[in-house]
Structures are given as C-alpha cells and as structure tokens.
Amino acid sequence: MKTIPVLCVSLLGMVLATGAQAQSGAAESLRQAANGAAFKVGDTQFRLAPSATVTAADASADPGQAVVAGKYALALGAAPAAAKRGLAAAPAKLAAAVSQSGEPVVVTSSVNVYFDQPAVLAEAVRSSGGRLTYASAVGGKGTIEFDSVQQALDAAAKLQGVAGVKEASPKIEQLENMLL
C-alpha cells in the first residue's frame, strides 16, 4: 500500500520534468532567436526575437514548441491565423523579446514616458505621433500608444532626446513562466 503513493509521486515528477525540459528547449530556441533590435527598460537590456510570434496561451499551446509565459505563448516560426487564411497581416501590436538574463517578455506597442513637467508629456505625444493612453502629472508618467511595436521602439529612441523626458522605454509585460 505504501508503494502506490510513492509510485504516483514518481510518475507525477516524470511528467513535470518532461514538460519542464520541453519548455526549457523552447525557451533556449527563443533565446537564440533573440537577434533583433536591442532596447533597454531601466538598466535591463532586451533583444527582440523577430521570428517569434505572440499569441494568447490556451490549453492547446504545445510547451515543446512554445514558451508559455503567463497569458501568452511565444513560438518560433508560427504564422498568425490571419496569414494562414491569406489575409494581410496587421502591424504587430505585440512582439517577443528576451532579456539579457534569458527571461522571455512581451513587448507592447506602447511607450512609458517619465517626465518633469506635464507640458513635456504633451510635447512627447505631439512629436511622436502617438496617442496618449495614460497620464499622471503627480507620478510624472505617461503612456503613449502606437500602431506597431516597431513604431513604439522608434518613438522611444526619439523621445529620449526630448527636453524634460527622464526616460522613454517600450512597455513590456514581464511574465511568469508556467507549464501547461
């Protein structure tokens, strides 16, 4: 009777280890594919993985083929559903990236702007061509939305030079890895 619980625990351990190995294989592939544009958020360096796609994670996501991170699945070479149906691809609002320590993140099409004076944020919105989606004069932070991740990256670099902007960086979703 005592061997049954031990056997169950052993089998569970093997199943979890197999899933973790598949996840780590996909994570290593994603890390190697992170050879795109580099950007910083604070002191952390990130690099885009241009061959990766970001989709909503669900129970059908294969952890051997995708890094399942929070509510997203990051996969290499997977074509978006619209492209599979022959539809024109819309500009990407989300992109996969990897931090210098190897952690996957999702980059959004927004830029967080930290500023000294509220007028600085208004100038940042005007000069970047984006849309203001959040502003806090008290906190000295605003968020500007763009049509694509690439536009957000370009704007972040440009906004660094605007007088009164302390920092402008792409908004990222830092994720906790999970196994399906």
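**Reading the labels**

Author: This is a predicted model. From the N terminus on, its elements run α-β-β-β-β-β-α-β-β-α-β-β-α-β. That gives 4 helices and 10 strands.

Reader: What makes Glu28 and Arg31 a salt bridge?

Author: The cut-off is 4 Å between a side-chain nitrogen of Lys or Arg and a carboxyl oxygen of Asp or Glu. Here N to O is 2.6 Å, so the pair qualifies. Glu28 and Arg31 are 3 residues apart in helix H1, which means about one helical turn separates them.

Reader: Which residue does Glu145 pair with in a salt bridge?

Author: Lys93, with the closest N and O atoms 2.7 Å apart. The pair links distant parts of the chain, 52 residues apart. Lys93 sits in the loop between helix H2 and strand S6, and Glu145 in strand S9. Lys93 has 36% relative accessible area, so it counts as partly exposed.

Reader: Why does the pair Lys166 and Asp116 count as a salt bridge?

Author: The closest N and O atoms are 3.7 Å apart. The limit is 4 Å, so the pair counts. Lys166 lies in strand S10 and Asp116 in the loop between strand S7 and helix H3, so parts 50 residues apart in sequence are tied together.

Reader: Why is Lys166 exposed but Asp116 partly exposed?

Author: Exposed means over 50%. Lys166 is at 58%, so it counts as exposed.

Methods. Residues are numbered from 1 along each chain as its sequence is written. This is a predicted model: local features need pLDDT of at least 70, side-chain atom pairs count only at pLDDT 80 or more; totals for chains, interfaces and linings use all residues. Side-chain values use heavy atoms; hydrogens and water are left out. Helices (H or I, at least four residues) and strands (E, at least two) are DSSP runs, numbered from the N terminus. Buried means under 20% relative accessible area, exposed over 50%, partly exposed in between (1.4 Å probe, protein chains only).
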